[in-house]
Amino acid sequence: MNESDRPLPPPESAPTGRRSFLDWLLGFSAFGTAAAILYPVVHFVFPPPRPRGRDKGAVLAAQTSELAPGSGKVFPLGTRPAILVHTPDGKWRAFSAKCTHLSCTVTYRQDMDMIWCPCHDGHFDLTGKNVSGPPPRPLPEYSVVVKGEDVYVTEEAQRG
Ligand code: FES
């Protein structure tokens with residue numbers, strides 16, 4: 001029996017296992033790198049829909065059916081309270097709900113058709129002007145946009 005007739009030894013499994021692990025690791029790294037590059041690109045090209053309730057800096061304050069003429073509601077505008085008023089003549093107005101005296105939260109008084117501060121009996125008319133009591137200044141007014149059934153209020157102050 002000469003040297004070339006001897007059977008070859010079985011291939012060692014350890015180098016093959018290590019090589020396949022490294023191949024898998026390299027493939028996984030390549031996939032991770034591709035995903036890290038493509039995800040922001042896809043997110044930019046196909047942005048997720050805006051959450052309901054916000055529209056270009058506006059906050060969904062109410063549905064039109066929610067407030068009859070001559071009513072109002074306090075709602076959160078960012079981190080501060082705001083008040084949305086549907087005036088008896090059908091106009092929508094929004095103001096900061098922080099009283100200009102000592103920052104109590106004002107409310108709409110249907111019996112007086114006024115914005116009223118319960119802390120020291122301050123009164124504001126439906127344009128936000130301070131008309132009686134200790135408040136020294138009008139309430140800052142916000143912009144209101146009605147789109148179909150939705151009433152949006154923007155955080156930008158119109159005055160004040
Ligand atoms: S805090 Fe509103 S009247 Fe004083």
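What share of the contacts in the protein with a separation of 6 or more comes from residues 24 or more positions apart? The share is 36%, where a contact means two C-beta atoms, placed from the backbone, within 7 Å.

Before selecting anything, note that this is a predicted model: local features need pLDDT of at least 70, side-chain atom pairs count only at pLDDT 80 or more, and totals for chains, interfaces and linings use all residues. Residues are numbered from 1 along each chain as its sequence is written.

Start with the whole chain in cartoon view. The protein has 1 helix and 11 strands; these are DSSP runs numbered from the N terminus, with helices being H or I of at least four residues and strands E of at least two.

Serine 71 counts as partly exposed because 16 C-beta neighbours lie inside 10 Å (buried is 20 or more other C-beta atoms within 10 Å, exposed 12 or fewer, partly exposed in between; C-beta atoms are placed from the backbone). Show His86, Tyr108 and Gln110: serine 71 contacts these, leaving aside neighbours within four places in sequence.

Move on to the open sheet of 4 strands, in the order 6-7-8-9 with antiparallel pairing; strands pair if DSSP finds at least two bridges between them. Its edges are strand 6 (107-109) and strand 9 (130-132), each pairing on one side only.

Finally, select residues 114-117 and 122-124: strands 7 and 8 pair there over 3 antiparallel bridges. Cysteine 117 stands opposite glycine 122 of strand 8.
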